[in-house]
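Please keep the sequence and the three-dimensional view at hand while reading.

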Amino acid sequence: MTSSRPARRRATSNADQQRRIAGCVTLGLESHGEHASAVSSIDGSLPVTHDADGRMARGAMLVLADQGLARGVFAAFGEEQAMLTLDLRVDWLALPPPGAHVEAQVERVIRHGAIVEVQGVLRAYAADAVVLVGTACARFLTGSFPGGGDVFAHVEHSDAAASTAPDFTALLALQPVDDGTVLPPNLALVGSPMLPAIHGGFIAAALETTSTALAPAELGWSPVDVEVRYIRPANATEPLHIVPRVLRASRRTVIVDAHALQGDDRKLIASAQMLFYRHVGEAADLTTETVESPAQRSGASCGQARRSRQGRRV
């Protein structure tokens with residue numbers, strides 16, 4: 001993650017910029033509105049965005065969260081910026097209804113110099129309901145693209161097209177191996193064409209999907225959260241090895257740690273932790289109830305109240 005250039009003011013729209021990114025085109029991902037209030041969505045009519053039950057796949061929503069929160073970086077600077085994702089966290093609150101349209105919306109942006117923290121939500125819109133699917137938070141380093149270079153200057157269009165895969169699992173095509181899975185090379189998952197680097201959302205999806213096998217839904221487990229830290233870019237022309245392990249298991253909770261590794265020397269690309277919960281004597285489809293703390297009522301989330309005093313709110 002090496003290259004750094006001064007930002008240049010650009011006239012490119014959100015939609016135009018994302019049409020340059022193969023991973024966005026693959027899922028029909030677009031953003032609408034100005035940077036400070038942009039709403040991002042993926043094309044729910046595409047089978048590739050769904051899981052086997054016809055719901056928006058969690059992996060697809062991780063791509064949406066990563067790309068959607070990136071819109072907040074442009075809000076912090078007032079113009080488009082080179083950036084890469086440092087970390088991403090999503091807390092799952094509810095399942096999207098089958099066939100629902102899912103959007104990611106930026107709610108809060110905090111700038112710490114070249115690092116921008118963006119908070120937002122994932123909402124599902126069905127014919128008769130709006131469901132808060134999850135909350136999301138990511139931090140981005142500005143001034144650099146994964147793999148270096150300047151995507152805005154050198155890549156005007158992407159040759160990618162929306163995927164015709166029957167579901168999201170088929171798009172990833174994870175291959176089982178003795179210690180986990182392997183994500184095969186796939187240029188449809190590119191986030192930065194300069195390496196080309198795999199989109200961070202797809203790395204998160206591979207980590208989450210592989211880890212879920214250690215706490216399967218058919219045994220009553222539900223994911224509570226996923227947190228990914230990105231170490232270095234992953235080359236989309238090489239296999240990516242996902243290795244999960246159980247850190248802790250009890251009657252009601254499982255914590256899974258997973259690493260994404262690449263190359264003969266198995267360099268660490270990203271690490272993730274996921275919490276799973278098993279409903280014992282409870283309805284699996286729980287109602288989410290939000291209780292605000294004093295810090296939240298004053299406009300800061302509980303985890304970021306202290307840091308926000310040192311940052312600039314946009």
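The side chains of Glu-117 and Gln-119 are joined by a polar contact of 3.2 Å. A polar contact is a pair of N or O atoms within 3.5 Å; within protein, one must be able to donate a hydrogen and the other to accept it, and residues adjacent in sequence count only if both atoms are side-chain atoms. Glu-117 belongs to strand 5, which spans residues 115-125. Helices (H or I, at least four residues) and strands (E, at least two) are DSSP runs, numbered from the N terminus. With a relative accessible area of 1%, Glu-117 is buried. Here, buried means under 20% relative accessible area, exposed over 50%, and partly exposed in between (1.4 Å probe, protein chains only).

The model is predicted: local features need pLDDT of at least 70, side-chain atom pairs count only at pLDDT 80 or more, and totals for chains, interfaces and linings use all residues. Residues are numbered from 1 along each chain as its sequence is written, and side-chain values use heavy atoms, with hydrogens and water left out.

**The chain as a whole**

The secondary structure comprises eight helices and 15 strands. Of the 314 residues, 51% count as buried. The chain exposes about 14,300 Å², of which carbon and sulfur atoms supply 51%; accessible areas come from the Shrake-Rupley method with a 1.4 Å probe, and for residues only the protein chains shown count as cover. Among the contacts with a separation of 6 or more, 69% are between residues 24 or more positions apart, where contact means heavy atoms within 4.5 Å.

Strand 3 pairs with strand 11 in the antiparallel sense over five bridges. Two strands pair if DSSP finds at least two bridges between them. In this pairing, Asp-87 stands opposite Arg-229 of strand 11. Strand 11 also pairs in the antiparallel sense with strand 14 (residues 267-278), over nine bridges. There, Pro-223 has Phe-276 of strand 14 opposite it.

**Salt bridges**

The structure holds nine salt bridges, a salt bridge being a side-chain nitrogen of Lys or Arg within 4 Å of a carboxyl oxygen of Asp or Glu. The table lists some of them.

| Salt bridge | N to O distance |
|---|---|
| Arg-229 and Asp-87 | 3.5 Å |
| Arg-89 and Asp-225 | 3.2 Å |
| Arg-89 and Glu-227 | 3.0 Å |

The salt bridge of Arg-229 with Asp-87 ties together parts that are 142 residues apart in sequence, because Arg-229 lies in strand 11 (residues 221-230) and Asp-87 in strand 3 (residues 83-92). Arg-229 is partly exposed at 43% relative accessible area, whereas Asp-87 is buried at 9%.

Arg-89 forms a salt bridge with Asp-225, and this pair links distant parts of the chain, with Arg-89 in strand 3 and Asp-225 in strand 11, 136 residues apart. Arg-89 counts as partly exposed at 27% relative accessibility, while Asp-225 counts as buried at 11%.

Arg-89 also forms a salt bridge with Glu-227. That pair again joins strand 3 to strand 11, across 138 residues. Glu-227 is partly exposed, at 38% relative accessibility. Through salt bridges that share partners, Arg-89, Asp-91, Asp-225 and Glu-227 form one network.

**An aromatic pair**

How many aromatic pairs are counted? The count comes to one. Rings of Phe, Tyr and Trp (its six-membered ring) pair if their centres lie within 6.5 Å; planes under 30 degrees apart count as stacked, over 60 as edge-to-face and the rest as tilted. The rings of Phe-168 and Phe-202 have centres 6.1 Å apart and planes at 5 degrees, so this pair is stacked. Phe-168 is in helix 5 (residues 168-172) and Phe-202 in helix 6 (residues 200-212), so the pair links parts of the chain 34 residues apart. Phe-168 is buried at 3% relative accessibility, and Phe-202 is buried at 0%.

**Ala-236 in its loop**

Ala-236 lies in the loop between strand 11 and strand 12 (240-249). Ala-236 is buried, with a relative accessible area of 1%. Leaving aside neighbours within four places in sequence, its contacts include Pro-185, Leu-187, Val-190 and Ile-198. The C-alpha atoms of Ala-236 and Ala-188 are separated by 8.7 Å, although the two residues are 48 residues apart along the chain.
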